[in-house]
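Dear colleague,

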Amino acid sequence: MPDYDNIRQQHDMGGLDKGPVAPSEHEIVLWEKQVEAIMRLLSMREDQIVTVDELRRGIEEMPPELYDTIGYYERWIVSLSNILVEKGVLGRAELDARVRELEAGA
Amino acid sequence: MSAPPIRPRFGPGDAVTVSARFPTGRRHLRTPFYIRGKTGEVERVCGAYRNPEELAFGAYDGARLPLYRVRFDQAHVWDDYAGNPADTIDIEIYETWLEPAGGPTHGGDDSDAA
Amino acid sequence: MPHDSHEHAPIEADGPQGYYQHLAAATRSLLIEKGVFGAGDMRAMIERIDERSPAFGARIVARAWTDAAFKERLLAHGKKTMKEEMDIDPVVADIVVVENTADVHNVVVCTLCSCYPVFILGRPPDWYKSYAYRSRTVRDPRGVLREFGTEIDPGREVRVHDSTADMRYLVLPMRPEGTEGWPEEKLAGIVTRDTMVGAAEVQGSVQNRYCE
């Protein structure tokens, strides 16, 4: 669970020391581009289905164990899928079922 | 039906202090922790935008708030700032997080030399 | 322990898909089935982002270097000027162009997430999104810049921009010596991504630590 009483939220990291800036660059892969595209398709339309603000909030509320360990696009898809379920665009059960189907077929 | 005109409370050159508020609970804040309680100068009025704190929880039709770019001296923001004393940091801050410098809510920050 | 080792999934082009990739595929397929958007919309959006790169920002910089009146308009109204005069649409609410001078060096960061002007610079590099960059740049910009091989003269002001709202930032780097009379296209060729974020200064030739 996120710690809502923590005075400083986990993403609000200006002024902390998270180590040296690593020079590595990774080449973006298709699933990551797809996550980015979904976010933009949903937030950039006239009838916004989600806002960038909701998507950011979804990341901020993530359990610290996730926030500290998963990667950039992983965080976005966790937030995005949670916000879509929260807003009733997708059902939790159907999303879980689809994930299981894909895991079984992979 | 037109919205009432947005009247910015502050203008360029005004000395402002970022509210030393530290809310808990479920929230989405765009005023960074490190700048709360610090005093700077309005560099420009950026326009009026809907409040991200509300947009983050689905309130899409909220009123627009004036947004300001505020410039701070780094030596004021960080006790241990190691660069040039002339170094600065600019941050965009919504009106709801700003008070006139030296106003009633100011005083939460002992390092403020203003 | 640095966080950057966790910042991205390992590249597994042909490897087994992990949970998050399945979650992405599930989300995508359900949204398409529900008619929220089509597969074609997704491909078009990916292409739209793919075609963006630092070359767009570099063209803007080159024009500003050669046309003083354009530069003033750009500094006053970033998005409007680049859109109307160069047909470069940054898509976001506004672009704030900040000019490096003999007195001031600008550097951009988004401490709260990783806001970046994707439609004029392409996707952000890993380092920009890293917890290391987000946490340290506001407090120790000169130290962070040093890690990029960029040393800012102690007599100059370093100005950090923490991109917290709907604006995105473009640093207008200083034009290097020895480029007098160069056409815009040649000038654009020496303006790298890192110089438009403020992590580096433009060299007469491209010599930045982090290659694009």
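Two strands are taken to pair if DSSP finds at least two bridges between them. Helices (H or I, at least four residues) and strands (E, at least two) are DSSP runs, numbered from the N terminus. This is a predicted model, in which local features need pLDDT of at least 70 and side-chain atom pairs count only at pLDDT 80 or more, while totals for chains, interfaces and linings use all residues. Residues are numbered from 1 along each chain as its sequence is written, and chains are lettered from A and ligands numbered from 1 in the order in which they are written.

The sheet

An open sheet of seven strands, with mixed pairing, runs in the order S5(B)-S1(B)-S2(B)-S3(B)-S4(B)-S3(C)-S2(C). Its edge strands, each pairing on one side only, are S5 (98–100) of chain B and S2 (104–109) of chain C. On average, neighbouring strands of this sheet are turned by 35° against each other, direction ignored. Within chain B, strand S1 (residues 15–18) pairs with S2(B) in the antiparallel sense over three bridges; Thr17(B) has Thr39(B) in S2(B) as its bridge partner.

The contact of chains B and C

In total, 17 residues of chain B are in contact with 18 residues of chain C, where contact requires C-beta atoms, placed from the backbone, to lie within 7 Å. Strands S2 (39–50) and S4 (88–94) of chain B each supply at least two residues of the side of chain B that touches chain C, and S4(B) gives the largest share of that side, five residues. By class, the side of chain B that touches chain C has 10 nonpolar, three polar and four charged residues. In this classification Ala, Val, Leu, Ile, Met, Phe, Trp, Tyr, Cys and Pro count as nonpolar, Asp, Glu, Lys and Arg as charged, and the others, Gly among them, as polar.

Helix packing

Helix H1 (residues 30–43) of chain A packs against helix H1 (residues 19–33) of chain C at an angle of about 45°, with the axes 10 Å apart. H1(A) is therefore oblique to H1(C); angles under 35 degrees count as roughly parallel, over 145 as roughly antiparallel, 65 to 115 as roughly perpendicular and the rest as oblique. Axes are lines fitted to C-alpha atoms, for helices over the stretch in contact, and angles run from 0 to 180 degrees between N-to-C directions. Trp31(A), Gln34(A), Val35(A) and Ile38(A) of H1(A) meet Gln21(C), Ala24(C), Thr27(C), Arg28(C) and Leu31(C) of H1(C). By class, this contact has five nonpolar, three polar and one charged residues.

H1(A) also packs against helix H4 (residues 72–86) of chain A, at an angle of about 40° and with the axes 10 Å apart, so H1(A) is oblique to H4(A) as well. The contact is formed by Glu32(A), Val35(A), Ile38(A) and Met39(A) of H1(A) with Tyr73(A), Trp76(A), Ile77(A) and Leu80(A) of H4(A). By class, it has seven nonpolar, no polar and one charged residues.

Yours sincerely

Note on methods: Two residues are in contact if their C-beta atoms, placed from the backbone, lie within 7 Å.
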